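My notes follow the order in which I checked them.

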Amino acid sequence: QVQLVESGGGLVQPGGSLRLSCAASRSIFNFYVMGWYRQAPGKQRELVASITSSSSTNYADSVKGRFTISRDNAKNTLYLQMNSLKPEDTAVYYCKGTWRSDYWGQGTQVTVSS
């Protein structure tokens, strides 16, 4: 089993940047896909970005060009670099890894406000 722990969330002004991290308790090599999801109050959870073990990436249209997903297998960590943040990006962000079953982190709050 693998535990995922997100960090890096917080309060940032519009136009600012944040880097989220998802640290795994063991190697993430066997996750064939990992992703970042977010859920805002009153809205469904949505896929923000995903990355496969072969480094193929996919982004939601709303974040394309602003967010970058990456993984560092040596550090057992998944990252989400978020630039040019907008108030609409405010949500709880969750890390997920898929291998045999889905593993979810506890979430980290991102608030974009002036």
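**Ground rules.** I am working on a predicted model, where local features need pLDDT of at least 70, side-chain atom pairs count only at pLDDT 80 or more, and totals for chains, interfaces and linings use all residues. Residues are numbered from 1 along each chain as its sequence is written, and side-chain values use heavy atoms, with hydrogens and water left out.

**Whole chain.** I looked up the secondary structure first. I found zero helices and 11 strands. Helices here are DSSP runs of H or I with at least four residues, and strands are runs of E with at least two, numbered from the N terminus. The order from the N terminus is β-β-β-β-β-β-β-β-β-β-β. The radius of gyration is 13 Å, close to the 13 Å that the globule rule gives for 114 residues, so the protein is as compact as a globular protein of that length. That radius is taken over C-alpha atoms, and the rule is 2.2 Å times the number of residues to the power 0.38. I noted a C-alpha box of roughly 40 × 25 × 25 Å along the principal axes.

**Burial and surface.** Of the 114 residues, 44% count as buried. Buried means under 20% relative accessible area, exposed means over 50%, and partly exposed lies in between (1.4 Å probe, protein chains only). The protein exposes about 6200 Å², and carbon and sulfur atoms supply 46% of that area. Areas come from the Shrake-Rupley method with a 1.4 Å probe; for residues, only the protein chains shown count as cover.

**Contacts.** I count a contact when heavy atoms lie within 4.5 Å. Among contacts between residues at least 6 apart in sequence, 54% join residues at least 24 apart.

**Strand β9.** Which strands pair with β9? I found β4 (residues 33-39), antiparallel over seven bridges. Strand β11 (residues 108-112) pairs with β9 in the antiparallel sense over three bridges. Strand β10 (residues 101-104) also runs antiparallel to β9, joined by four bridges. Pairing requires at least two DSSP bridges between the strands.

I then looked up the residues that face each other. Gln39 stands opposite Val92 in β9. Tyr93 stands opposite Thr108 in β11. Lys96 stands opposite Trp104 in β10. Why is β9 (residues 91-99) described as largely enclosed by the rest of the structure? Seven of its nine residues are buried, so the strand is largely enclosed.

**Positive phi.** Most residues other than glycine have a negative phi. I checked two exceptions. Arg100 sits in the loop between β9 and β10, and its phi is near 70°. The two strands form a hairpin with one residue between them. At 79% relative accessibility, Arg100 counts as exposed. Ser84 has a phi near 50°. Ser84 lies in the loop between β8 (77-82) and β9. Ser84 is partly exposed, with a relative accessible area of 40%.

**Strand β7.** In a regular strand the side chains alternate between the two faces of the sheet. Strands β7 and β8 pair in the antiparallel sense over six bridges. Phe67 stands opposite Met82 in β8. The β7-β8 hairpin has four residues between its strands, and Asn76 in the turn has a positive phi of about 55°.

**Ile51.** Is Ile51 buried or exposed? Ile51 counts as buried, at 4% relative accessibility. I placed Ile51 in strand β5 (residues 46-52). Leaving out residues up to four places away in sequence, Ile51 touches Tyr32, Val33, Met34, Ser56, Thr57, Ile69, Ser70, Arg71 and Leu78. Ile51 and Tyr32 are 19 residues apart in sequence, and their C-alpha atoms are 8.5 Å apart.

**Ser21.** I ended with Ser21, in strand β3 (residues 18-24). Ser21 is buried, with a relative accessible area of 18%. Beyond its neighbours within four places in sequence, Ser21 is in contact with Val5, Glu6, Ser7, Trp36, Thr77, Leu78 and Tyr79.
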